[in-house]
Amino acid sequence: MRITVLAGGIGAARFLRGLLAYRPEADISVIGNTGDDLTLYGLRVSPDLDTVMYTLGGGNDEAKGWGRADETWNALAELQAYASTPWWFGLGDRDIGTHLVRTALLSEGRSLSEVTTALTARWQLPVHLIPMTDQRVETHVTVEDPDAPEGRRRLHFQEYWVRHHAELPVVDIEFDGIDRAAPAPGVLDAIAAADVLLLPPSNPVVSIGPILGVPGVREAVLAASAPVVGLSPIVGGAPVRGMADKLLPAIGVDTSAAGVARHFGARLHGGLLDGWLVDEQDAAAVPDVEELGIAARAVPLLMSDVDAAAAMARAALDLAEVVRR
Ligand code: GDP
Ligand code: CA
């Protein structure tokens, strides 16, 4: 069975670990968000691709959810001793090894998708990890800032998220470079050839949003013969981890399981979803989602361990069979 997943960072990585536990024999393609990518000290960093790679490769820091296990921070301390900025992004010594290889290969002219294949070879990943695009796309947010000349300021999403903990009021979110981006080699094929398409519980705005924004990707999902099933990242009216509740209102989406389903839309009516899973605590939202034309089920959606994530993967694949046309 060919399964294609559109993936952000932590939410996607944990879900994928469950999917692999439930369906180890499946042929899984993961289309990764690169809107979070940034350059720090000359190093090209791909936070979401690395979270998926480290998690599925068994090299992740389980407690933090991002970065490498057994990390040390000597290089960052040296950089800070030079009063270099930015000081707010956690670059561990082991992690820097990944970024050095990525940056070196890119500067030799290799594409990000080629570089990602080279990096994932080390980890013997049990999935095909493909960046959404080889072109540079960076998510920027415009925030209110009374000290800025026009009362607002534009900054990289990572600076807003990591440095400012999403505490600045967001006026606008833009995916810089997306109009000129093309799907990376393999992306459209992975969507067209899939038997099932899954939207894991990733951030709908800054993880799934950029992937769908790459010209041709949304159209490919809409045209795919496979059923499309998503899992809500919002449980009980709040994100399980992170600060997605700061971003959903900025694009006019209600912070609820049904609100996110409405945002993606029903395939029946030109949207993306055939099926949507909400957490048991949001069972009351099931009729609202079905009213939109999306098949919905309420199941436990907390990825407390791999077994719990595997049960979510099973529920998603079961729902895909129910809605398969
Ligand atoms: P990021 O790029 O590292 O922020 O990761 P993603 O975009 O893939 O996932 C972030 C989203 O995952 C957040 O909006 C969380 O609400 C969601 N999330 C994290 N853990 C869980 C969980 O156990 N269950 C569910 N349903 N969502 C989760
Ligand atoms: Ca991310």
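**Entry 1: Ala 226**

Helices and strands here are DSSP runs, numbered from the N terminus. I note at the start that this is a predicted model. With that naming in hand, I looked up Ala 226. I found Ala 226 in the loop between α9 (217–223) and β10 (228–231). Is Ala 226 buried or exposed? The cut-off for buried is under 20% relative accessible area. Ala 226 has 2%, so I list Ala 226 as buried. I also checked a distance along the chain. Glu 291 is 65 residues from Ala 226, and their C-alpha atoms are 22 Å apart.

**Entry 2: Asn 33**

Next I turned to Asn 33. I placed Asn 33 in the loop between β2 (27–32) and β3 (38–40). Its relative accessible area is 0%, so Asn 33 goes down as buried. What does the side chain of Asn 33 contact? I found a polar contact with the side chain of Asp 48, at 2.9 Å. The Asn 33 side chain also reaches the backbone oxygen of Val 206, at 3.0 Å.

**Entry 3: ligand 1**

I then went to ligand 1. Where does ligand 1 sit? I found ligand 1 in the largest pocket. I counted 20 residues around ligand 1. The closest are Ser 202, Ser 207, Pro 233, Leu 301 and Met 303. I sorted the shell by class: 11 residues are nonpolar, seven are polar and two are charged. Helix α1 (residues 10–22) gives the largest share of this shell, three residues.

I looked at backbone atoms beside the ligand's oxygen atoms. A backbone N or O atom of Ile 10 lies 2.8 Å from a ligand oxygen. For Pro 201, I read 2.8 Å between a polar backbone atom and an oxygen atom of ligand 1. Val 240 also has a polar backbone atom 2.8 Å from an oxygen of ligand 1. How much of ligand 1 does the protein cover? On its own, ligand 1 has 600 Å² of accessible area, and the protein covers 91% of that.

**Entry 4: positive phi**

Last, I checked backbone angles. Most residues other than glycine have a negative phi. Asp 70 is not a glycine, yet I read a positive phi of about 50°. Asp 70 lies in the loop between α2 (47–57) and α3 (74–81). The cut-off for exposed is over 50%. Asp 70 is at 63% relative accessibility, so I count Asp 70 as exposed.

Gln 124 is not a glycine either, and its phi is positive, about 45°. I placed Gln 124 in the loop between α5 (112–123) and β5 (128–131). Gln 124 has 70% relative accessibility and therefore counts as exposed.

Technical notes. Residues are numbered from 1 along each chain as its sequence is written. Chains are lettered from A and ligands numbered from 1 in the order in which they are written. This is a predicted model: local features need pLDDT of at least 70, side-chain atom pairs count only at pLDDT 80 or more; totals for chains, interfaces and linings use all residues. Side-chain values use heavy atoms; hydrogens and water are left out. A residue is near a molecule or strand if one of its heavy atoms lies within 4 Å of it. A polar contact is a pair of N or O atoms within 3.5 Å; within protein, one must be able to donate a hydrogen and the other to accept it, and residues adjacent in sequence count only if both atoms are side-chain atoms. Accessible areas come from the Shrake-Rupley method with a 1.4 Å probe; for residues, only the protein chains shown count as cover. On a 1 Å grid over the protein atoms alone, a cavity is a set of points where a 1.4 Å probe fits but cannot get out, and a pocket is an open set with protein on both sides within 12 Å along at least five of seven lines; lining residues have an atom within 4 Å of a point. A molecule sits in a cavity or pocket if more than half of its atoms lie within 2 Å of its grid points. Helices (H or I, at least four residues) and strands (E, at least two) are DSSP runs, numbered from the N terminus. Ala, Val, Leu, Ile, Met, Phe, Trp, Tyr, Cys and Pro count as nonpolar, Asp, Glu, Lys and Arg as charged, and the others, Gly among them, as polar. Buried means under 20% relative accessible area, exposed over 50%, partly exposed in between (1.4 Å probe, protein chains only).
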